[in-house]
Amino acid sequence: MNSFIFGAAFITALVLSAALTRDAGADPVRIMVAGLFWTATVALVWHQWVKRSLLYFARFGAFLGTAILVFIVYKSLSREDMFIVCSPGCPPRPGTFWPFLFQWAICLGLASFVIWGTWERFAAGWEKPSLRTFTWSVFIAAWTAACGYLLVRNTSLAVLKQSGKSFIILVGSIVGVIGGLFLIVYLLTLPSRRRAKRETEEFERLDAETKRAVVNQIDTLARRGNWQLVYQRSENADQFANGVARIGGQPLLPTGVEWPKSQDGKPGLFLLQIPLTAQRLGESWRDRLLSIFLVDYALWIVSQHRDDLALSIERAPPGEEYTQKLVRLQGIAVPFKEPAIDDEDGNTGFDTKSLLELNPALKERITALFSRPKVLLARLLNYRSNTSEVSTEDAILVGGNPSLIQGEHDAKCPTCNEPMRFLLQFCDVTEEEIMGDSGVAYVYGCDRHPDQCFGFVDFY
Ligand SMILES: [Zn+2]
């Protein structure tokens, strides 16, 4: 303890102890209150100069507290007006028994602390009963009996009514406030939840064939121009080297690559494996496959050429480590529209409006299928498909522009120190959403050293 704080605390405790002792007279309650302050004074001295556990003194303080409460109850044993409030100038009126019940509970806690000291000893005392267990049980029974006797003796019908009234007021106001808040939130979100439910039903009514046809149309149209890639769940994915694009399960790793480990030696979590086939990424990347792990809340990335796949094997994490459920992914080409230079909204070149504007045929088809065309696109293209906007923050997007939720990343190649190119970003694909609050990961790589990749995880 800081010596200044100690000095101030010590002097305060000492002065209060002395003053309370002087005023105590013959009143046992006042004597014990003074004793409480003396305990604090001695505890401070003990802590500063003797340096032994303060638990001993805390228990002595609790003992005095228990004694005060027991004494008050002992003195009241013959009373019948404990719950009658007499304020000066007013006629006596019925009060409530709640403070008395509170006093009963406090004393139970204090006495248990005096007798047991710690939770561990309390728990152990029940496995192997001892004198301590017996003492505690007798005290609890006697104290509860005494308080029960006083409660019955002092509770008149008027007191009961008053206690009931204040209970209803207290509980009623708590329930009222909480219930009111819930009701406001419920009413405010009702329209959007109803709409989301309607749209989910509408989406489920569309058969798989129709959905696939729309996705294929988007993909075919996009590949005629400048395109990027979104990855979406798929049952029959046919990427290069059949179905390497995946979330969870076992990654394909070159035989020489060790499974990443955290600082404390725990195996990292395999997140996803993504081929970078997007047209915009250029020669160095189009034939590359990234395997991305989460290790100590940072990304750990293996970049390999598709030719190395023949030498790669599906790898399970070492030991009995938890793996994410396998979800196969399908890449869908979507058009990239160069954002205007003076675009203040940070347009990333991927939005449903431009997707529909660029493809009148697609717009016509989707409008005929779904009440809100943008919502259908969002559900078809976002990885997290419960949103109504196509958002790069809910998608796995390869070869676009980064849609940043925090500041810009300064990614430099560790080999040549040149700025790295943005490769992909992905939303939280973990089952337990462990990438922070609405986390988004960004991956960068060096064109000249494509085995060098670096990633960032940002969240709100
Ligand atoms: Zn480099």
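Residues are numbered from 1 along each chain as its sequence is written. In this predicted model, local features need pLDDT of at least 70, side-chain atom pairs count only at pLDDT 80 or more, and totals for chains, interfaces and linings use all residues.

Reader: What makes residues 98-116 a helix, H4?

Author: Helices are DSSP runs of H or I with at least four residues, strands are runs of E with at least two, and both are numbered from the N terminus. H4 has 19 residues. The expected span is 1.5 Å times one less than the number of residues; H4 reaches 27 Å from its first C-alpha to its last, close to the expected 27 Å.

Reader: Which residues of H4 are called buried?

Author: Buried means 20 or more other C-beta atoms within 10 Å of a residue's own, exposed means 12 or fewer, and partly exposed is in between, with C-beta atoms placed from the backbone. Phe100, Cys107, Leu110, Ala111, Val114 and Ile115 are the buried ones.

Reader: How do you know that they line one face of the helix?

Author: The arc is taken from the directions between the helix axis and the C-beta atoms. The buried residues of H4 fall within 125°, so they line one face. The face turned away carries exposed Phe102, Ala105 and Gly109.

Reader: Why is one side of E8 and of E14 without a neighbour in the sheet?

Author: Strands pair if DSSP finds at least two bridges between them. The open sheet runs E8-E7-E6-E4-E10-E3-E11-E12-E13-E14. E8 and E14 stand at the edges with a single partner strand each, so one side of each has no neighbour in the sheet.
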